[in-house]
Structures are given as C-alpha cells and as structure tokens.
Amino acid sequence: MKVKVLCRNPDDYVRETTRDIQRVPRNYDPTLHPFEVPREYTRALNATKLERVFAKPFVASLDGHRDGISCITKHAKSLSTVISGACDGEVKLWNLPRQECLRTVQAHEGFVRGICSRFCGTSFFTVGDDKTIKQWNLEAPGYGVREEPINTILGKAVFTGIDHHQRESTFVTCGQTVDIWDEQRSSPIRSFSWGVDSFSCVRYNPVETELLASCASDRSIVLYDTRESAPLRKVIMQLRSNTLCWNPMEAYYFTCANEDYNLYTYDIRHLDVPVTVHMDHVSAVLDVDYSPTGREFVSASFDKTIRIFPKDKGHSREVYHTKRMQHVICVRWSADNKYVLSGSDEMNIRLWKANASEKLGLLSTREKAAAHYNKKLIEKFQHHPQVRRIARHRHLPGDILKQKREQREMKEARRRREQNVRKHSKPGSVPLLTEKEKHVAAVVE
Amino acid sequence: MAALVPEVLTSTHVEKMNKKKPPKRYWEETENTDQRRPEEEQGTAVQNQNKSTVKERSLKRKNGENLEKKDPFPGEAPIPHKQLQKFQRGEKYKVPAGARRRLKEAIISSEAMSELAQKQAARYDLLLPEDAGFLEGDEDEDTNTISQDDIADAVDITSGSKYFNLHLSQFGPYRLDYGRTGRHLLVGGKKGHVACIDWQSKDLMCEMNVMETVNDVKWLHTEAMFAVAQKRWLYIYDSKGLELHCVKKFNDVLRMQFLPYHFLLATASATGFLQYLDVSVGKEIAAVCTKMGRLDVMSQNPHNAVIHLGHPNGTVSLWSPNQKEPLVKMLCHRGAVRSLTVDKTGTYMVTSGLDRKLKVYDIRAFKPLHSCFLPAGASCLSLSQGGLLSAATGDIVQVYQNVLGSSPVSKPYMAHRLRGQIWGLAYCPFEDVLGIGHGEGFTSMIVPGAGEPNFDALDTNPFRSSKQRQEWEVKALLEKVQPELIGLDPGQLSKVDQASFEQRHKEQVEALGFDPLAKDKFKPKTKKKGRSSAGAIEKRKRKVAHEDQRDEIRQTVQERTERDKEQKEKSNEKKKLGNKSTLDRFRK
C-alpha cells in the first residue's frame, strides 16, 4: 500500500516572528475563485462610488486683487509661480504652494489685457489699456526701491493680447493689427492685418515656433507665418472666437473658445471643417488652455463654470463651479498637469485639482497600486448602466441646469424645423449639414 | 594563493596536459537520450559539430576572444496545453470584420494582456508548494479493503490523528458542517446537542444543548457565527455559544446552505418555503413558496450560487432569489430524491433517489451522463474539492473516484463501516478528510486525494490570524455580490448585452414614464379668429394622411382586380371549351 495524505507544516504558512510580514501563498486556479465577474463588477461599482465621494476638486482661493481678474499666465520655469493681472491695472505674483502673494505691481492704468512670461523666466511682459507694453523683472526690487519696468513701449493703439516667442527675443501683440516686436526695438518689426479692425488673442505655436494664430473680431481665426509678409489663411466662423490655444503635443491642432457656447478644435491642414465640436457650456466661452500632455483642455465660460474636455470628445468630463465664483474670465492648466487655475470676475483666483478625486501629497506604493487598479476597473465596466450613471453624474447649479434644458429644447426645435423645411422643399435644395459643418462660414486663403 | 600562481603562469602547459573531453553538460545528455524531440536529428548533428569545435573553442579561449554561447533552449519555456487550458476564461475574442481602427487596437491589446495573464498564471503552477494525496494498493489489493486504522498507522502522526471518532450516542444522529477554511467543525445532534470544535487541535470552542430538535447546522462567513435550524425558528449563535438572534421569520427550517460570496443564508423549510437571509444586514431577501411540499434535500451550486432542491416526486429544481418560479426543473428519479450534490466547477450534479440509483448529470446541458444502481441506495452524498464522491449507503460510507466524467462508476475507491444511521456527510476543505455524522456520534475519516492541496490565502486561509481574518472580513463585505446577480451564468455580466432595440426602448419607456418616440395625437386648437380653423386643417390633413398606405392599398386592389379579370377570362375560355359535348364531333 502506498499512501500520501495532505499534511501541511504550519511553519511553512505562518510567519516566523511577529515582526515579519504575513505569508500569503497564492493559487490562481479559477475554480478557487468563483464569481470572478460579479465580484469584479462590485469592486468597480465601489470604486466608482468612492471616486465620486472623494471628488473634492477645490484646493484654494488666492484673494488679494481689487478688481476682476483679466489674465493669468504661468511662469516659464517655475511650477510654483503664477502671474495675474486685474481689471484695475494691478499685476500680482503668486506663490502657489504657500498660497500667498509675493509681489504687487501697479502696471497699467485701466485693464491689464495680457501677460506673458519670457521663455527664460527672468522677466515678463504686460500690455494694458493705456496703450503700453511693459517689461518687468521677475525678481522683486530691493527694499525701498520703486517698482519700475525694465522697458516701456508706447504703442499707437490699445493692445489686447501678447505672447512671447519660444526661443528668440521677439514677441507678438495684437490690437488693431498683429505686431511682431523685437525686444530691443521700440517699434514693431512687422505688422499684419487682413481687413479687420481688431484682434482679441494671438498665440505662438509651441512647436512650429514661427507660426501664429489669432482671433479677430470679424469672426475669423487668422494664421500667420512670421517669415512671410502676408497672413497665411483664415477661417471665418458663424460667431466670434474669444481665445485660442495650441495643443502642445500635436501642435497642428488648436482649440478656440467661441461666443456660440462651443469650443472648436481645428486641424490647421484642414481648416474647412473643425475636427471636433466641444459642447456643454451654456454661455459664451471666454478662455481655453491645454494640459501639458495635450490630451485634455480646460475652458472658462461666462456661465460661471469651468469645464474639462478630453481633446477628442464632444462633451466635457468634468465641470467645476462654486456658489461664489462669478463669470470666469481666464483659466490656465498648470505645467505639472495636476492643477487648474481660474480667475473670475469676483477678484479671486481659484486653484482646482485637474483630476477631481485625486489624492494630493505623497502616495505609498500600495495606494498608487490601488488607485491604478480602481481606475482600470472603472474603465472596464464603464458601459454598465449603474457604473455609468454614477460616474457621469455632476451636480449643476439650478440656473445652469435650467439653461441647459432650455437650450436642448431650442436645439431640438431648430432641428425639427429644419426637417420640416427639408420635407417641403425640392429634394437636395436644403442639404443635411453635420454639426461640424454648420459653424464654419468660409475659409480664405 | 600559492597554488594558484603557478597555474596562471603555466596555463599553456596545463592546457596541453588536460587533453580530456570538456565536462559534459546536462543539456548535451538530454539531447542524446530524449528521443521524442523533433529537433533530434538536428541535435545529433549539433552534437558532432560540438565535438569538432571543442579544439577551436579552446583556441579561441586562448586568444581571449569572446565566445558566443548558444542557448540550447531558445525562447521561453513551453507551457503544457492542459495547464494553459485551466486558466482559459471564455473564448478568444476575434476582431469583427469591418471594425474601426480604435476598436481593433483595443481588442488586440486586451487579448494580448489576457493571454499574458493566462500564461503567467499557468507558469505559477510550478511554484505551488503542495501535492495532492493519493492511495494506491499493492498488486491485486483493492484500495477499498484498506481500513482506516491501516492508513492512520501508515501515515505520519499529524495526518494519522485526523482519523478519530467522537462517541456521542446520547443525542445523535448528527449533522455537521466544516467552516470555509476547513479548521472549524460544527456538529449538531438531532436531540439538541450543538458543539463547535477546532478539529485539528481538538480544541472545543463551545458546546451546548439547545433543548430542542436540531435539524441542521451551518457556519456563516466566519468561524465567529453559526446558524442552527431548530424545531421552530432559526437561531444564530456566536462561537462561544451565545444566542445572537432568533429569526422568527424563518420557521420549521430543515436544511440550510450558506452562499459565502453573497452573504446569504438559504433555508428550506418543512412548509415548502425557500428563504434567503442576508446575514450582513439581517434582512430577508426573498421568500419563495416552492409549492413542492416538504423540502429536506438541498444543495448549492458553488459556481453560480443557485440552490438545488430535491423533491419527493423525483424532480430537482434550481432556484435563484430573483425568481418566484424555478430556473430549471428536471425529472431525475423514479421516486423521491434522497440526496444531491454539485461539484465546485458547477458542471456536474450527482443525485441519489429512492429508486436506489446514483445519477450524474451535466448541469450545463441538463443531461444525464451515467447512472448506476446501488443496492442499498445513497442517503447522503458529498463531493470533495478533488472530485471524490462519497455516498452513505446504509451504515457504510463509500468513496468513488472518477465519477465526474463519462465513464460509469465501477467499484468504490474506499469504504468505511460505521455504527448507526448516517445523517450527515461533508468533506473538509483543503484537507484529505471526510466528516461523517451518524447515530453514534461523529467520525472523521481519512480520504487521500480529497482536498485541494494549495489554498489561496487571499480567499481562504486555514492558517490566518485573527487580524488577517478581520481584514478579510472587511474586504469580503466590501465586495459582497448582490443577490440580483445570481443566475445560471455568473459570467453574464462580462458579456456584450445585445438587447434588441425594442427591449431597450421598452426599458426607456419604463424609466421615463412616457414613450419618447411616440407621436402626439393631434389636438385641434380652440381657435376663435381667422378663417382657417383647426378643424379644417385637421380635415385637410386627414385627406392626405397615410398616403403611403393608401398607395399600397390602391396598388394591391389594382393587382387583385387584374388578377380576377385574367381568371375570369380564362374561365370563360374554359367554359367555351367545356360546353362542347362528346356528341359535337358528329356535328357537321
């Protein structure tokens, strides 16, 4: 007779000392793990709920300005520094981790219309309603020394925006024309205009650094090459675009914030139809900024909310609002891809988490692993109705909700009307237009 | 060091002295001996080459050149197909024709990931520490003639001590239950004696007499609580024997099953009710009136948490808490069903009936596989993790091997005679032990090969500390599966829901409370002024309403009239022909 009976030595399964970690022998046999799918589903449901429970995006409010914030810019080199300008001509430098103001400069009379920091991080430029461009040192002057700009340029007309070149000492301003300036000179080295009287925003392309895009008040977006004498081309839309932002990773895409409550992502190679129409705001969109990864962007709107859109999705994944936040004028995504800054009418700059339920601070390896696992679970079960319902839900203020419903109704009515018109006209005379095609009026070369 | 120095100096000399063969490597040997390898022919050729290149190699070594060693087993180690099959989950998903690029990429990458996971899990099998037990007789020795005493003598002392008897003749016969980790044993005598024991250390946790008939006993999710079905109500005690709850909603319970992943205690009562108690919140989840009379045969399918009930008319019915009707009803026996059990993969069900037959069913297809005739009939059945079937026939417990499969049952693998009627049978999880409750007490019997040798400590750990148990309890409660998810196929959730448009629309209508696609009925406006009254518009609309249908009707009517016309013409012609009589040919 040959016999063997299972007999486990407890020494192989129990830890030796209490200071030791517990032994956890595994066996991955599926028959020992029944209900794999229902258990995983339950875990995913829990993860989704917890994600919503921990979604507390508001981090801090930076108060100190005495008028509405008109523009914010990131420091080119330092993650912790932010420069903001207000409607009373005041410019403030902020330290984000300490949430305090480092320096206050009375830069202009009237609005500060635009700020940009120099690529080396030593100085920054401001433009204002007083028709001046001022260059300021980023380091504070010594005790008792007056705040003086390094350089002041007096222009002919009001400047509405400014952006600095990525590597060279040139910058671009916009106002009645788009002007390219050398830092050493007091007059523009080149100015572009294309039959319009004013521009609201101009931005350098972050990759193809000689390329420029600007939003004009005649509902057009104009592209320029600084090496050429004339503008490249423009696309005219149904309504005016307020600002635009280049995708920092795929720099042939840019997104513009439009007055018709939508944002449009364009491919500069095919300007005739936008790549994506981003809809969700219920009022004019005032500002837009891409995340440094180029996968998402944040938009600020007159409807007192900011929204975060994936770059290729038509609807937002996140909406941030507070009771006290008024019309959001400007918004920026921090360079570490973790925070979003918004400046609004009621004189506050707010710091938000880019990922609402993310835990701040150092994470242990197990915490990281758990977060990663939960993310994957939610992704796996995202289409299940229960999970989707919880993950999609966002609380909205009553008036925004009301406006949203109203607009949906209006849109539906417009669609129905168009359908009826089509039904009763000659076939082919009322063409079917997609949402993308509707908003572009013309492309001019 | 002194010995080394001259060697270094006279290296060339030593080389000349040692004109031996290079030391043989194990792979060279295997290449020689292993005849089944397909590379065998190549192998010998390589071998010859190896021999010829030995000199060259030594030369090269002398020259200090880097010698490239070839891997004799290139690529990753192969995994046996059977092992891979074990970790296969469902069928491989193929990229549908005409799929978009993004979908294609997603499918391909997820398939690659699952394949990697499957391979890694299959490879991990090599690291499992324990092997299953076995019992082999000598030549012309039947294993069923080997007595328990012999086995207990032959194995080591710890294993030998797993064969023991508890002589409890006063309050018998006994029902029993092992905890999920296999360390704790709960016995309940018909006449009220309830005891829980840490049976490996023979440590009595509590013992009491409830002074009432005890129908069944069951551990709940941990060893801290157990349920006892007494004469009238269901009671829940803690491991010290303290009465925690008396659940009066559950009366006359005869049999109980605990569903560990759902935290549900399913009870079958003498009044024909199947009830589910959620032990995590203490609520009755469902009460189903089976209308099948007294329910004293019950088992659970550990694969999908479906409850199987055996009935006096020979049927077995399958139940879930979500449905008032049985999921499946199958006629298994001529005569009452006496006992039934389901294997851990949820593939096979074994039943025994008053017709003294033992039948094995495939419960995925609901088809009988084979049946055999037991002269005494089986009153209790139990399947082990290793796939051994034990059947209580009279006062003998028989253990069968290889029952689950297509081959019919032959002779038993083991047999053991007890005193008194057998009342309860249960295999201890992760141990080679079969617990038998009978009229004279309790017997623990050694059945080599019954238990799963390797446990998963994150699921069930027999060696867990109290801290680990607490951690596990919290985790388990967090991922408690909702009772709504109990159904015949537990993997249903991961499959694509191809509900038809109609069904989805119906659900939408139910959710919204109205039909979003329905057309509103026209309501004429009560317009006072103007010429064009709403009624006139309505009349005009009615004239042109259903234009398409009218067209169709018009067309069909036209076709029909044409057809009728043709038929008429034909019949007329026929009539003309038919008027001729046989005498007409004589006409001039």
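**Interface, sheet and backbone**

Modeller: In this predicted model, chain A and chain B bury about 4500 Å² between them, and carbon and sulfur atoms give 59% of that area. Met1(A), Leu6(A) and Phe35(A) supply 17% of what chain A buries against chain B, more than any other three residues.

Biologist: What makes the area between chain A and chain B a "buried" area?

Modeller: Buried area is the accessible area that two parts lose on being put together, summed over both. The value of about 4500 Å² therefore covers the loss on chain A and on chain B together.

Biologist: How many residues does the contact take from chain A and from chain B?

Modeller: The contact takes 36 residues from chain A and 63 residues from chain B. To be counted, heavy atoms must lie within 4.5 Å.

Biologist: Why is the meeting of Lys2(A) and Glu136(B) called a salt bridge?

Modeller: The rule asks for a side-chain nitrogen of Lys or Arg within 4 Å of a carboxyl oxygen of Asp or Glu. The N to O distance for Lys2(A) and Glu136(B) is 3.7 Å, so the pair qualifies. Across the interface of chain A and chain B, the rule finds 7 salt bridges. There are also 23 residue pairs in polar contact across this interface, with both residues at pLDDT 80 or more.

Biologist: Which element gives the most to the side of chain A that touches chain B?

Modeller: Helix H1 (36–53) of chain A and strand E1 (2–4) of chain A are the elements that give two or more residues to that side. H1(A) gives the most, with 8 residues.

Biologist: How do you know that strand E16 and strand E17 of chain A pair?

Modeller: Pairing needs at least two bridges. Strand E16 (residues 211–216) and strand E17 (residues 220–225) of chain A have 5 bridges in the antiparallel sense, so they count as paired. Within this pairing, Leu212(A) has Tyr224(A) in E17(A) as its bridge partner.

Biologist: What makes strand E15 and strand E30 of chain A edge strands?

Modeller: The open sheet has 5 strands in the order E15-E16-E17-E18-E30 (chain A), with antiparallel pairing. Strand E15 (199–204) and strand E30 (440–444) of chain A each pair on one side only. From one strand to the next, the twist averages 15 degrees.

Biologist: Where is Pro173(B) found?

Modeller: Pro173(B) is in the loop between strand E2 (164–167) and strand E3 (174–178) of chain B. A cis peptide bond joins Gly172(B) to Pro173(B), with omega about -20 degrees.

Methods: Residues are numbered from 1 along each chain as its sequence is written. Chains are lettered from A and ligands numbered from 1 in the order in which they are written. This is a predicted model: local features need pLDDT of at least 70, side-chain atom pairs count only at pLDDT 80 or more; totals for chains, interfaces and linings use all residues. Side-chain values use heavy atoms; hydrogens and water are left out. Helices (H or I, at least four residues) and strands (E, at least two) are DSSP runs, numbered from the N terminus. Axes are lines fitted to C-alpha atoms, for helices over the stretch in contact, and angles run from 0 to 180 degrees between N-to-C directions. Buried area is the accessible area (1.4 Å probe) that two parts lose on being put together, summed over both. A polar contact is a pair of N or O atoms within 3.5 Å; within protein, one must be able to donate a hydrogen and the other to accept it, and residues adjacent in sequence count only if both atoms are side-chain atoms.
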